[in-house]
Each structure stands twice: as structure tokens, then as C-alpha cells.
Amino acid sequence: MNDIVRLGIVGLGNIGRRHVENVQGIPRAKLTAVCDAVVDRAHEFARQTGAAAYTDYNDMMASGTIDAVIIAVPHYDHAPVAVAAFAAGIHVLCEKPLAVHVADADKIITAYEQAKEQHPSLVFAMMFNERTFPMHLKIKEILSSGTLGQLIRATWINTKWFRTQAYYDSGSWRATWEGEGGGILTNQCPHNLDMYQWLFGLPQRIRGHAHIGKYHDIEVEDEVTAYFEHENGMIGHFIVSTAESPGTNRLEVVGEYGKLVFEDDQLRLWRNEQSMLVYSRETDAIWGRIQANVETIDVNRDVPSGHGLVAAQFVDAIVDHTSLIAKGHEGLGSVTLANGIMLSSFLDRVIELPFDPALFEAELQARIEASRRRRG
């Protein structure tokens with residue numbers, strides 16, 4: 001492998017344009033190809049960057065002009081583009097989510113594992129840029145350190161996803177089963193779902209309540225409340241909505257030795273003087289309480305983060321075989337959570353993990369067939 005990675009980008013919408021800018025700022029990367037189904041858009045970006053223009057991703061993969069590709073196309077197209085890239089021995093950095101459903105995510109991962117037999121150094125990464133945010137890294141550090149001891153509860157309320165009806169009306173594909181494959185869980189919250197499973201792992205059981213078009217004229221979910229049960233006894237809550245203004249973004253984690261709260265870009269830690277579980281079992285005090293001291297955690301925010309850092313480390317992994325922010329197979333976790341929540345709501349029952357991917361795919365397909373937006 002040369003020290004310069006020839007990069008292509010498939011999908012030149014809002015996020016794809018950001019990747020065009022980021023790639024041009026990576027010293028060991030060169031943007032050599034751009035691809036979009038909209039012909040004028042592909043050629044305009046090619047003119048601006050000097051990259052070759054393609055309107056068919058298969059042509060790009062076969063061109064010999066790229067070593068790696070960033071996938072920034074609509075959700076349903078992640079699987080076919082990734083599979084085509086791996087078949088051509090091309091490294092992949094995929095935007096979130098990995099796929100709309102677990103069955104497609106499994107296809108991508110299988111294609112990667114098969115391609116590695118011929119290309120052992122093939123790199124597969126996810127664009128989970130929020131894992132690089134300083135506050136999120138500090139939360140991960142605190143939880144991994146065992147400061148809170150046995151975790152009891154994690155509650156994430158994120159209703160700062162307010163969307164108007166005009167937003168949903170801005171494209172016929174928006175907020176449809178056929179066009180996007182889901183609503184807030186698929187479109188707005190893949191990063192939140194990834195963060196949850198990155199911090200706490202996947203639960204054993206899920207009970208989801210997804211409200212379809214409760215506050216908007218759409219056919220997918222715009223308000224979701226989910227309850228998780230983990231193997232270690234911890235419970236979790238995940239509450240999201242596109243209908244609240246002002247919204248809330250609050251992550252609260254309770255452990256036997258205290259509580260960690262992230263809200264309003266501030267991280268606060270309550271430290272119990274002793275384990276609340278031990279105290280509860282052993283104290284003679286009927287109305288006893290544990291003394292807790294609270295502190296605001298200082299976090300250095302003046303560090304590289306975001307999409308550009310993930311892309312740069314992707315390039316470094318290709319050239320130097322260094323570590324990634326998120327490996328490709330890690331994208332399966334957030335898809336599993338999203339599908340599990342929706343499947344629980346569809347079937348009105350608790351879902352045990354792992355569940356049969358075909359079961360969710362069948363439920364989704366039934367809704368696609370009835371979708372108001374149908375592709376020809």
C-alpha cells in the first residue's frame with residue numbers, strides 16, 4: 001500500500017459534501033473519485049475537486065481509481081454498495097446506520113469476512129463520530145473505571161430532535177418505510193443507539209413502545225420509549241421524540257457508588273461514601289441515607305474530534321494498520337437495538353436478544369408494501 005490512499009465517496013448529499021471537505025484535509029488521502037446518481041451533482045463535485053465522476057457505484061468500484069470508499073448514500077443502499085466494494089477489495093468507511101435491518105447488516109459483515117480471505121488487510125470502519133466527542137469519551141472512561149461500581153440504571157432522554165411537518169414534507173422519501181426504513185430510530189438516533197450499546201452493551205430483553213405518526217403526518221415512528229433489561233441486572237430507558245420543543249438531552253447513570261449525569265453539555269458525578277447496596281442490606285437505620293458528594297467533571301474539549309478525525313484514522317488504519325474509532329462490525333449493535341425496539345412495538349411483546357432477523361424484516365416488508373412512497 002502506498003502512503004497515499006486514493007479515496008472515493010459514494011453519495012454527495014449533505015453528509016457526502018462534508019466528507020468531500022474532510023478528505024481534502026487529510027494529508028495521506030487523495031480524493032480521486034466521486035459518485036452520485038444525480039449526474040449534474042457528480043460532475044460538479046468532480047469539477048471542483050479534480051476527482052473522476054461516476055453515476056454508478058459499480059463503475060467506480062471497477063475503475064481502479066480508488067483504494068477506499070466512504071459510503072454516504074441513503075440507508076437502504078449501504079448494503080449493496082458495501083458488498084460491491086468488498087468484492088472489489090476496496091476498504092470501506094460506512095456512514096450510520098450500518099443498515100436498515102439486521103439481515104442486511106449481516107450481509108455486509110459476511111461480505112467483509114469473505115473478502116478478507118483474499119485481502120487480509122482490508123479495513124472496514126463505521127462513521128461513529130460521536131465516539132470521538134470529549135464528553136462522551138470521559139463518560140466512557142468513568143464507567144470503564146468502575147467508579148460507580150455495579151450499574152443499576154441508565155436513562156437516556158433525548159428529545160432534542162424537533163422536526164416540523166415542513167421538514168418531513170421536503171422529500172417524498174422522508175419518513176416512509178420504503179424510503180428510509182423507519183423514523184427517529186433509523187434517521188435521527190443511530191448515534192445515540194450506538195453510544196448506548198458502546199457504554200453498556202446490548203440488553204437481554206427489550207420492550208419498545210413506538211408511536212407511529214403521533215405528532216406528524218408520517219407513516220413511521222416520531223416518539224419512542226424503550227425499556228431494556230441487561231444480563232448484569234441493570235435496567236435501561238431510552239426515550240426519544242421529534243415533537244418536543246424545547247427538548248431534553250439527559251443521560252443519567254446510577255451505580256452502587258453514585259450517579260453520573262450528562263446534560264446541557266455539563267458532566268456531574270455524585271460519589272456515595274459507601275455502596276448503597278451494602279448499606280441497604282446492613283444498616284439498622286430505618287430512614288437511613290448515604291452521604292454523597294457532587295463534583296463537576298472538567299473535560300478538555302480542545303482536542304480533535306468529529307467526522308474528520310474518524311476519516312483520518314480510517315486512512316491511518318489502511319496505511320499503518322492502526323486502530324479504528326469503530327470497526328465495521330460494531331455497527332451491528334445500534335441496528336440490533338433499533339430493530340429490537342420496533343419489533344417489540346410491532347408485536348406488542350418483550351423481545352429476547354438475539355432475535356430472528358427475518359422476523360423484523362418480514363414486519364418491515366409488510367409496511368414497505370403499504371408505503372405511500374413506492375420506488376418504480
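**Group meeting: local features of a predicted model**

Let me begin with a contact between a charge and a ring: arginine 367 lies over the face of phenylalanine 346, at 3.6 Å from the ring centre. Please keep in mind throughout that this is a predicted model. A second contact of this kind involves arginine 163, whose charged end sits over the ring of tyrosine 167, 5.1 Å from the ring centre.

I turn now to rings that pair with other rings. How many aromatic pairs does the count come to? The count comes to nine. One of them joins phenylalanine 86 and phenylalanine 124, with 5.0 Å from centre to centre and 75° between the planes, an edge-to-face arrangement. This pair links distant parts of the chain, since phenylalanine 86 belongs to helix α4, residues 78-87, while phenylalanine 124 belongs to strand β6, residues 124-126, and the two are 38 residues apart.

Another pair is formed by tryptophan 156 and phenylalanine 238. Their ring centres are 6.3 Å apart and their planes meet at 85°; because an angle over 60 degrees counts as edge-to-face, this pair is edge-to-face. Tryptophan 156 lies in strand β7, residues 151-158, and phenylalanine 238 in strand β10, so the pair ties together parts that are 82 residues apart in sequence. Both tryptophan 156 and phenylalanine 238 are buried.

The next topic is the packing of two helices, α5 and α12. Helix α5 covers residues 102-118, and helix α12 covers residues 331-347. Their axes are 9 Å apart, and the helices pack at an angle of about 165°. Angles over 145 degrees count as roughly antiparallel, and α5 and α12 are therefore roughly antiparallel to each other. The crossing of α5 past α12 is left-handed. Which residues meet here? From α5 there are Val102, Ala105, Asp106 and Ile109, and they meet Leu332, Val335, Thr336 and Asn339 of α12.

Finally, let us consider the backbone. Where do we find cis peptide bonds? One joins lysine 96 and proline 97, with omega at about -15°. Proline 97 is in the loop between β5, residues 91-94, and α5. Another cis bond runs from serine 245 to proline 246, and its omega is near 0°. Proline 246 is in the loop between β10, residues 235-241, and β11, residues 249-255.

Positive phi values deserve attention as well. Alanine 175 is not a glycine, and yet its phi is positive, near 55°. Alanine 175 lies in the loop between α7, residues 165-169, and α8, residues 184-187. Its relative accessibility is 2%, under the 20% limit, so alanine 175 counts as buried. Histidine 321 likewise has a positive phi, of about 65°, although it is not a glycine. The loop that holds histidine 321 runs between α11, residues 307-320, and α12. In contrast to the buried alanine 175, histidine 321 is exposed, with a relative accessible area of 57%.

Methods. Residues are numbered from 1 along each chain as its sequence is written. This is a predicted model: local features need pLDDT of at least 70, side-chain atom pairs count only at pLDDT 80 or more; totals for chains, interfaces and linings use all residues. Side-chain values use heavy atoms; hydrogens and water are left out. Helices (H or I, at least four residues) and strands (E, at least two) are DSSP runs, numbered from the N terminus. Buried means under 20% relative accessible area, exposed over 50%, partly exposed in between (1.4 Å probe, protein chains only). Rings of Phe, Tyr and Trp (its six-membered ring) pair if their centres lie within 6.5 Å; planes under 30 degrees apart count as stacked, over 60 as edge-to-face and the rest as tilted. A charge sits over a ring if NZ of Lys or CZ of Arg is within 6 Å of the ring centre and within 35 degrees of the ring normal. Axes are lines fitted to C-alpha atoms, for helices over the stretch in contact, and angles run from 0 to 180 degrees between N-to-C directions. Angles under 35 degrees count as roughly parallel, over 145 as roughly antiparallel, 65 to 115 as roughly perpendicular and the rest as oblique. A crossing is left-handed if the near helix is turned anticlockwise from the far one by less than a right angle, and right-handed if clockwise. Contact means heavy atoms within 4.5 Å.
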